[in-house]
Amino acid sequence: MAPKEPFDRSGLTSGEIHCVYASGNYVGVSKKMSAEEIREEWRRHGHDMKEAEEGMIIRTICEGLAIDDVKEDLAYLRKDWEEICNRGRDVKPPAVLHQEGGIVDRIIRDFPITTISRILVDNPVDSQHIKHLLRHDPKDTNKVELYKGTENIFSVHGVEKELERALRRQVWLKNGSYLMIDQTEALTVIDVNTGRFTGSDNLQETIKKTNIEAIKEITKQLRLRDVSGIVIIDFIDMKNETDQEEVLQAFKHALRKDRTKTNVAGMTKLGLVEMTRKKVRQNLNDTLSDPCSVCVGKGTEPSAEALAARTDRLIHEYRFMEEEAMLLEVPAKVLSFLNDKNSHYYVHELEKRYGFKIYLSEALPHIHEEIHVRLLASEETVKERAKKLKRSK
């Protein structure tokens with residue numbers, strides 16, 4: 001049994017504009033604001049607005065807001081805290097007094113409502129909750145719409161396709177070039193390729209345009225896939241140092257829209273851009289995917305020829321056996337390869353080499369790599385067993 005902890009009366013309520021501590025006596029300002037002068041100005045505003053021992057954290061969104069908007073949000077948060085305290089007096093502990101709404105609250109908090117024209121929700125409870133979060137401005141609550149269609153809301157608005165696209169290794173760009181995105185345990189590598197993009201007669205200009213076009217998609221994919229840790233971007237090689245610097249600056253500028261902290265280390269002599277992105281949550285690929293049970297996450301499997309060679313080595317181990325025949329169970333692609341007269345591992349050639357009959361049985365469709373010796377016996381017995389297996393499949 002853990003010892004009883006004293007009740008934490010500091011309390012915290014969180015809004016779209018800032019968080020408020022009932023007793024913290026502290027004013028924190030987002031480090032993502034564009035300039036230190038602006039952060040200091042908002043820190044002064046925070047000290048002016050807070051009451052007694054109250055504390056607050058002022059979010060990045062405040063940089064573009066009027067002080068009256070922030071004061072209004074603060075008033076609502078104080079009211080929320082008062083309601084939480086009142087509920088606390090009427091219930092017997094232990095009891096939940098307040099609970100964040102999960103992803104709904106996070107989305108409303110992270111995306112400035114001024115940049116959103118419409119919020120479509122298919123759950124009546126979530127719809128009312130969002131309206132409550134945006135209650136300080138009727139104009140914002142009117143943006144919330146309840147979807148009542150019968151078809152899946154993700155399918156109707158193309159979200160399913162976008163999720164599928166976000167899991168692909170290859171991402172095509174509008175100009176015909178494409179990205180190859182490979183995520184490993186240690187880092188993520190993004191390779192930029194010209195693809196079908198031919199551009200102008202000037203090769204270096206084409207390369208620069210392709211790299212700049214790729215930047216928009218790279219920054220989007222970093223956010224969409226929740227990529228974190230070390231990221232290496234292999235832009236198409238640019239010989240001109242001015243072009244390299246232009247692309248690097250364009251990349252840094254595009255990353256300013258990312259709410260997650262990023263750091264661009266620069267471009268190496270090989271033309272690789274090194275950067276890091278802070279881990280906030282599990283990436284999209286890990287959230288929506290499991291490692292392949294066949295290749296165990298490698299993304300490849302042995303070729304038919306490699307498996308045929310493995311089969312030859314397995315047969316070689318039985319070269320001194322006294323039985324007349326062997327029954328082997330092999331994957332479908334290996335079966336085709338061993339029955340090919342032009343193959344180096346043609347089954348009749350193997351029979352001549354080892355001096356006994358070899359019968360082959362096709363493994364079940366889900367078996368891609370395993371090769372098994374199913375029977376060693378007289379030729380008649382093995383032949384009969386092979387026929388039975390073929391009929392059963």
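Predicted model: local features only at pLDDT ≥ 70, side-chain atom pairs only at ≥ 80, totals over all residues.
Which residues does Ile153 contact, leaving aside neighbours within four places in sequence? They are Leu120, Val121, Asp122 and Tyr147. Ile153 and Glu53 are 100 residues apart in sequence. In space, their C-alpha atoms are 46 Å apart.

## Val192 in strand β9

Val192 is found in strand β9, residues 187–193. Is Val192 buried or exposed? Val192 is buried, with a relative accessible area of 3%.

Asp237 is 45 residues from Val192 in sequence. The C-alpha atoms of Val192 and Asp237 lie 9.7 Å apart.

## Helices α1 and α2

Two packed helices are described by the angle between their axes and the distance between the axes. Helix α1 runs over residues 36–49, and helix α2 over residues 67–90. Their axes come within 12 Å and cross at roughly 45°. The two helices are therefore oblique to each other. Their crossing is right-handed.

Helix α1 brings Trp42, His45 and Met49 to the contact. Helix α2 brings Ile67, Val70, Lys71, Leu74 and Arg78. By class, the residues of this contact divide into five nonpolar, one polar and two charged.

## Helices α3 and α4

Helix α3 (residues 103–110) packs against helix α4 (residues 124–133). The angle is about 35°, and the axes are 11 Å apart. This crossing is right-handed too.

On the α3 side, the contact is made by Val104, Asp105 and Ile108. On the α4 side, it is made by Asp126, His129, Ile130 and Leu133. The contact has four nonpolar, one polar and two charged residues.

## Helices α7 and α8

Glu162, Arg165 and Ala166 come from α7. They meet Glu217, Lys220, Gln221 and Leu224 of α8. The residues of this contact divide into two nonpolar, one polar and four charged.

Strands of a sheet pair through backbone hydrogen bonds, either parallel or antiparallel. Strands β11 (residues 262–267) and β12 (residues 272–277) run antiparallel. Five bridges join them. Asn263 has Thr276 of β12 as its bridge partner.

Four residues lie between the strands of this hairpin. What phi does Gly271 take there? Gly271 takes a positive phi near 85°.

## The sheet β14-β13-β15

Three strands form an open sheet in the order β14-β13-β15, with mixed pairing. Strands β14 (357–362) and β15 (372–377) stand at the edges. Each has a single partner strand, so one side of each is left without a neighbour in the sheet. Neighbouring strands are turned by 20° against each other on average, direction ignored.

Strand β13 covers residues 325–330. It pairs with β14 in the parallel sense, over six bridges. Glu329 stands opposite Ser361 in β14. Helix α14 (residues 379–392) lies across β13, β14 and β15. This helix runs at about 25° to β13.

## Glu351 in helix α13

Glu351 lies in helix α13, residues 347–354. This residue is buried, with a relative accessible area of 11%. Leaving aside neighbours within four places in sequence, Glu351 is in contact with Phe356, Lys357 and Ile358.

How values were computed. Residues numbered from 1 in each chain as written. Heavy atoms only, no water. Pairing = 2+ DSSP bridges. Axes fitted to C-alpha atoms, helices over the stretch in contact; angles between N-to-C directions. Parallel < 35°, antiparallel > 145°, perpendicular 65-115°, else oblique. Left-handed = near helix turned anticlockwise from the far one by under 90°. Contact = heavy atoms within 4.5 Å. Nonpolar A, V, L, I, M, F, W, Y, C, P; charged D, E, K, R; others polar. Buried < 20%, exposed > 50% of the residue type's maximum accessible area, 1.4 Å probe, protein only.
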